[in-house]
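Here's a quick briefing to read alongside the model. Have the sequence and the 3D view open as you go.

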Amino acid sequence: MADYSRPPVTSYPAPPPSGAYSDGYPPGAHSNPAYPYAVPHPQYTNYQYHAPVRRANFLRYFLLAMITFIIIIGAILFIVWLVLRPRLPVFVVESVTLNNFSISTSSQQVSGHWLVRFQVRNPNQNMKLSYADIESYIYCNSEPLSRTRLPPFNQGARSQAVVQASFVAMDSFVDGWAVSGIIAERASGAVRFQVRLIALAQFKAGWWPERRALIQVLCGDLAVGLPSNGEAGKLTGGARECRVGL
């Protein structure tokens, strides 16, 4: 005879009493084969979520700091460049003296002694200049007559210096058309010469790194009057400012 006072038996396990498990999971839930997936601990889950966020924030702030640093350095360099902006020196031919000038139409040879006096001005307010390896040439109608070397010299900021170049030509050969041009100019009272100067210039300004540049100076249309009495020829028309470039 059946006993109806007992509760019916089912195939489902009875739920555990409240507060039976400290972590909310039954014993063996983390390793029991009945649970194929490991249950993450809430603490580790929170760390795995915030770590990429912290890394992204660090990279963002690092890049922002680097960009700010580069902008500041660039602004400082630009301001310094504006203050110390190097300017090329100014060359002016103050005088030209020509002695013992002669020309031979038969042998197409030119002789003479030229003394050219330059005034060199440094327009930079905060930069010193020094010149080395200075070479100078003199031409007539694009024909080279003589060349010479000048000693090195230095200039302070906003200063001037006087430099002289001495050229000597002894039976220097020139083309026939140049001889004809010189004779025609001499008949008019003045012969035009050109002087070219090349130098290695060095710009210095305190702690700022020095800068070197090869400058070229061209002084054209130097009309030298040649008296018929054999006296020394002189530059006519006053001083001439030269073109200076790199």
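Let's start with Pro123, which sits in the loop between strand E2 (109-121) and strand E3 (128-140). This is a predicted model, so keep that in mind throughout. Pro123 counts as buried because its relative accessibility is 4%, under the 20% cut-off.

**Around Pro123**
- Setting aside neighbours within four places in sequence, Pro123 touches Arg87, Leu88, Pro89 and Arg158.
- Pro123 and Gly156 are 33 residues apart along the chain, and their C-alpha atoms are separated by 9.8 Å.

- Arg158, one of the Pro123 contacts, belongs to the loop between strand E5 (153-155) and strand E6 (160-173).
- With 56% relative accessibility, Arg158 counts as exposed, whereas Pro123 is buried.
- Arg85 lies in the loop between helix H1 (42-83) and strand E1 (90-104).
- Arg85 comes out as partly exposed because its relative accessibility is 44%.

**Positive phi angles**
- Arg158 isn't a glycine, yet its phi is positive, at about 55°.
- Most residues other than glycine have a negative phi.
- Asp133 is another non-glycine residue with a positive phi, in this case about 50°.
- You'll find Asp133 in strand E3, and it is exposed, with a relative accessible area of 52%.

- Is Thr97 buried or exposed? Thr97 is buried, because its relative accessible area is 17%, under the 20% cut-off.
- Thr97 is part of strand E1.
- Leaving out neighbours within four places in sequence, Thr97 has contacts with His113, Trp114, Leu115, Ala232, Gly233 and Lys234.

**The whole chain**
- The protein chain has 2 helices and 11 strands, and along the sequence they run α-β-β-β-β-β-β-α-β-β-β-β-β.
- Of its 246 residues, 31% count as buried.
- Take the contacts in the protein chain with a separation of 6 or more: 70% of them are between residues 24 or more positions apart.

Key:
Residues numbered from 1 in each chain as written. Predicted model: local features only at pLDDT ≥ 70, side-chain atom pairs only at ≥ 80, totals over all residues. Heavy atoms only, no water. Helix = DSSP H or I, 4+ residues; strand = E, 2+ residues; numbered from the N terminus. Buried < 20%, exposed > 50% of the residue type's maximum accessible area, 1.4 Å probe, protein only. Contact = heavy atoms within 4.5 Å.
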